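I'll note what I looked up, in the order I looked.

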Amino acid sequence: MKLKKWIQTTAMATLLSASLLTPVASAEEKRSIADESIYDVLVDRYFNATNSNDDSSKTDPKDVEKFAGGDFQGIIDKFSQIKDMGFSILSLGPVFATETYNGSSVTSYREIEPNFGTEDEFKKLIQFVKDNDMSVMVDFPLSNVSENHEWAKDPSKASWILEKADGKVRWDLDNEEVQQALIDAVVDFISTYGLDGVRLTNMEDADTDFLNEMIDAIKSIDESIYVISNSESDAHFDAEYFNEVSDIFRYAFKNVDEDTADLMKYFNAFAKGETDIPAQIMIDHINSDRFLYTAEIYPPTRLKMVLGAALLLPGVPVMQYGTEIAMNGKAGPEAHQLYNFKTDTELKGYIEDIQTLRNQSETLRKGEFNLIQNDSGLIVFQRKSDKENWIVVINNTSERKKIEIPKELVGENKEIRGTLEGEIFREGDDGIFRIVQDREVVEIYQVIDEQGINISYIIALAFVYIIFIAFVVALIKRGKRQRSKAE
């Protein structure tokens with residue numbers, strides 16, 4: 001079996017070196033958030049590069065409620081883990097001074113959490129990420145901060161407080177002074193550190209006009225700065241958020257043959273070109289149970305299926321740290337485990353393969369969308385442009401499936417070639433392309449000019465066999481000579 005694998009691999013390497021495969025288009029138009037994919041990380045839970053910034057009274061990796069020690073330098077040290085998966089935006093969560101490891105009780109809108117590092121170390125991380133061709137986004141909570149927040153301790157700002165409960169403070173977001181202070185704070189923070197994006201959180205019932213004013217103020221720094229949220233809103237965010245999205249994905253992919261009727265519910269408008277604002281695609285998030293907490297059968301395969309859909313459907317993929325190592329757990333500290341860098345890398349490689357295609361092909365990100373089939377776990381759709389034509393098949397069923405693609409979707413003298421598994425399908429006598437795909441497999445097919453019999457591959461394969469046979473013959477002759485000398 002190993003010999004066969006070696007021969008096939010060598011032959012394919014020879015074939016690829018001749019550049020015989022159809023290249024993926026790489027020309028780029030002006031980027032929008034639909035071109036991006038976001039990796040969400042909790043700084044404290046990633047990697048502890050130095051103990052010098054660990055507050056002994058707050059840090060204990062064995063206590064899930066306390067800080068674990070992760071810091072800005074830790075992200076730099078392990079950055080290749082994120083970069084290699086092809087994400088374009090690193091979202092750091094809240095980085096303000098906080099009483100909790102996950103930044104849910106911030107005490108300032110100016111100071112950086114010392115357990116994460118210094119201001120200079122934060123700037124160093126931002127520059128490092130940008131130097132590696134990625135962008136940086138942070139969370140900015142508009143309310144529900146610690147009762148020890150610097151504003152809450154200022155007597156002159158007593159009227160800014162709407163409510164105090166359970167150690168938290170809710171700002172009066174209808175108060176014009178509060179609104180202006182929040183706008184000034186977020187603009188100052190983004191400007192000071194040169195951030196590429198911000199996620200507004202804890203918006204509660206913030207007025208849409210106020211949110212739009214804040215968004216406009218942020219965009220006045222640089223129009224290319226992305227502004228998103230983790231709450232539903234009618235404000236002019238760059239990407240929409242819908243509470244139900246993660247639940248739809250969770251239950252559609254927890255097992256095979258599940259109902260997938262609602263899968264396009266929040267993506268149809270963008271897919272059909274009815275809006276230029278895409279939705280965030282999240283299989284879970286920092287405040288939810290992990291996807292695997294719901295999964296009912298083999299976790300690695302479940303993750304491959306759901307991530308294949310999340311990375312390829314029209315929208316903005318947002319993936320929580322640790323998903324690539326099958327992190328599990330109920331919402332809260334159990335779901336926020338310390339990252340384990342010793343886990344298997346197969347799922348990382350799978351994400352990288354899909355993201356490589358997505359990043360290189362504008363068509364896969366923003367091309368014309370055509371939903372061909374969506375029935376109880378079998379999802380088939382097309383992404384098409386003047387340059388490229390792709391067919392994506394997500395077979396999250398319990399059976400091997402035959403998918404019929406009419407010639408009018410493929411074109412004349414074409415064939416369909418899988419990019420992950422490598423299978424080729426050609427037009428039948430009746431003008432139908434019949435793709436046969438195994439159960440629980442995601443494949444991205446590219447429509448290319450018909451190649452006919454691949455003579456180059458056959459020659460390459462024959463060449464490898466000849467080399468191998470010659471090698472075996474040489475070994476036999478050498479063995480005979482050594483035995484003759486021994487006699």
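**Around strand β15**

I started at Ile416, whose bridge partner in β16 is Phe425. Elements here are DSSP runs numbered from the N terminus, with helices being H or I of at least four residues and strands E of at least two.

Before going further, a note on the source: this is a predicted model, local features need pLDDT of at least 70, side-chain atom pairs count only at pLDDT 80 or more, and totals for chains, interfaces and linings use all residues. Residues are numbered from 1 along each chain as its sequence is written, and side-chain values use heavy atoms, with hydrogens and water left out.

Next I counted bridges. β15 (residues 414-418) is joined to β16 by three, running antiparallel, and to β18 by five, also antiparallel. Strands count as paired if DSSP finds at least two bridges between them. Glu415 pairs with Arg426 of β16. β15 and β16 make a hairpin with five residues between them, and Gly422 in the turn has a positive phi of about 85 degrees.

Is β15 enclosed or open? Four of its five residues are buried, so β15 is largely enclosed by the rest of the structure. Buried means under 20% relative accessible area, exposed over 50%, and partly exposed in between, using a 1.4 Å probe and protein chains only.

**The six-stranded sheet**

I then traced the whole sheet: it is open, antiparallel in its pairing, and ordered β11-β12-β13-β18-β15-β16. β11 (368-375) and β16 (424-426) are the edge strands with a single partner each, so one side of each has no neighbour in the sheet. I get an average twist of 20 degrees from one strand to the next. α9 packs on this sheet, touching β12 (378-384), β13 (389-395) and β18 (441-449), and its direction makes about 45 degrees with that of β18. For contact I use heavy atoms within 4.5 Å. Axes are lines fitted to C-alpha atoms, for helices over the stretch in contact, and angles run from 0 to 180 degrees between N-to-C directions.

What does α7 pack against? Its buried residues pack against β9 (280-281) and α9 (299-312). Six of the eight residues of α7 (residues 245-252) are buried, including Ile248 and Phe249.

Phe249 turned up again in the largest nonpolar core, which has 107 residues; Phe249 is among those with the most contacts inside it, along with Tyr39, Leu92, Phe122 and Phe253. A nonpolar core is a set of buried Ala, Val, Leu, Ile, Met, Phe, Trp, Tyr and Cys residues joined through side-chain atoms within 4.5 Å. Helix α5 (residues 176-193) gives the largest share of this core, nine residues. I also listed what Phe253 touches beyond four places away in sequence: among them are Leu263, Phe291, Arg302, Met305 and Ile394.

**Helices α5 and α6**

Last, I looked at how α5 meets α6 (residues 208-221). Their axes come within 10 Å and cross at roughly 25 degrees. The contact includes Leu182, Ile183 and Val186 of α5, and Phe210, Met214 and Ile218 of α6.
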